Amino acid sequence: MSKTINQEELRKRFNPDGSQLRNYQLRMLEMLKYIDGICRRNNIRYWLCSGTLLGAVRHGGFIPWDDDLDIEMLRPDYERFVKALEAEKNDCYVLQTHKTDPNYFAPYGKLRDLRSTIKEDNTNDWYYKFHGAYIDVFIMEPSSSEFLCKVAGFLQDKLLFGANRTLRNAWGRKIYFGTVYPLLYSLIFPVMGLLGRMGANGQLRHTLGSCFLMPRDVADIFPLTQLTFEDGSFPVPGNYDAYLTKIYGHYMSLPDLDKLVMHTVNVELN
């Protein structure tokens, strides 16, 4: 870890003990431990990703100002993860998907905490059934085409997220989304996914509709290793340096701390 980063000073500035942000981070840490337990018991592979992985490497835990937590897993592992959660009922958590929440349109799942409420700075959650603290569970699939990902992201944004912001009538929503969502996820995206698999050669991307374009390399991820994150040890890409460098460049350098933008605007923890 870079000796130029004063972790104690960052903690004092952004997430001191007892602060709303720190309490929120600790709630997400509880959720991560729950996910880890489910995955260990069922031999499901997952890994810390993106800013969460960056936090593990650069800070030994959460990036001090970070207010989300992300993991990735391959499609087959995700499908087994969904089944494992259904088999191991828990009164504290629910996996938010279009199946459990008809007004949720993202193509990946969110493990939601049922003992909390958050208000985000976007409109996607206006009609959600679940509003608690969450961990994004991103699905990774073979993909050779950034173009197809862009097209899928455009369709997702315009036909689902955009309509979610403007379509208010309950019957109108039921008819529209009852038609458009199956069209995208049962026909258009599966066909695009098959095309994207051609020539993937070990390249992964977020499942179509996720609106994220940055590829991942299987060779950077597997075999997985472990890194300390807060008070636990969790799976991370085996070559996390290459993984992070491809996404962030010089990832050990701090951003401009005066220009940081937070995702969550209000959190209530019970």
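Student: In which helix is Asn164 found?
Tutor: This is a predicted model. The helix in question covers residues 146-166. Asn164 is found in helix 5.

Student: Is Asn164 buried or exposed?
Tutor: Buried means under 20% relative accessible area. Asn164 is buried, because its relative accessible area is 1%.

Student: Which residues is Asn164 in contact with, leaving aside its neighbours within four places in sequence?
Tutor: Asn164 belongs to helix 5. Its neighbours within four places in sequence are left aside here. The contacts are Phe105, Thr123, Asn124, Tyr127, Arg173 and Phe177.

Student: Where is the place of Thr97, and is Thr97 buried or exposed?
Tutor: Thr97 sits in the loop between strand 3 (93-96) and strand 4 (109-113). Its relative accessible area is 15%. The cut-off for buried is under 20%, so Thr97 is buried.

Student: Which residues does Thr97 touch, not counting those up to four places away in sequence?
Tutor: Thr97 lies in a loop. Residues up to four places away in sequence are not counted. Thr97 touches Tyr78, Tyr104 and Gly109.

Student: How many disulfides does the structure hold?
Tutor: Take Cys39, which is in no disulfide. The nearest cysteine sulfur, that of Cys49, is 13 Å away. The sulfur of Cys92 is 17 Å from the closest cysteine sulfur, in Cys39, which is too far for a bond. The count of disulfides is 0.

Student: Which class of accessibility does Cys39 fall in, and which does Cys92?
Tutor: Cys39 has 2% relative accessibility, so Cys39 counts as buried. Cys92 has 26%. That value lies between the 20% and 50% cut-offs, so Cys92 counts as partly exposed.

Student: What is the radius of gyration of the chain, and what would a compact globule have?
Tutor: The chain has 270 residues. A compact globule with that number would have a radius near 18 Å. The value for the chain agrees, at 19 Å.

Student: What percentage of the residues in the chain is buried?
Tutor: The chain holds 8 helices and 11 strands. It has 270 residues, and the buried part of them is 50%.

Student: How far apart are the centres of the positive and negative side chains?
Tutor: The chain has 32 positive side chains. It has 32 negative ones. The centres of the two sets are separated by 4 Å.

Student: Where is Arg41 found, and what separates its C-alpha atom from that of Lys83?
Tutor: Arg41 is found in helix 2 (residues 20-41). Arg41 is exposed, at 52% relative accessible area. Lys83 is 42 residues away along the chain. The C-alpha separation is 13 Å.

Student: What phi does Asn43 have, and what phi does Glu230 have?
Tutor: Most residues other than glycine have a negative phi. Asn43, in the loop between helix 2 and strand 1 (47-48), has a positive phi of about 55 degrees. Glu230 lies in the loop between strand 9 and strand 10 (232-236). Its phi is also positive, near 60 degrees.

Student: Which residues does a cis peptide bond join?
Tutor: Most peptide bonds are trans. Here omega is about 0 degrees. Pro223 lies in the loop between helix 7 (218-221) and strand 9 (225-229). The cis bond joins Phe222 and Pro223.

Note on methods:
Residues are numbered from 1 along each chain as its sequence is written. This is a predicted model: local features need pLDDT of at least 70, side-chain atom pairs count only at pLDDT 80 or more; totals for chains, interfaces and linings use all residues. Side-chain values use heavy atoms; hydrogens and water are left out. A disulfide is a pair of cysteine sulfur atoms within 2.5 Å. Buried means under 20% relative accessible area, exposed over 50%, partly exposed in between (1.4 Å probe, protein chains only). Helices (H or I, at least four residues) and strands (E, at least two) are DSSP runs, numbered from the N terminus. The radius of gyration is taken over C-alpha atoms; the globule rule is 2.2 Å times the number of residues to the power 0.38. Lys and Arg count as positive and Asp and Glu as negative; His and the chain ends are not counted. The place of a charge is taken as NZ of Lys, CZ of Arg, CG of Asp or CD of Glu. Contact means heavy atoms within 4.5 Å.
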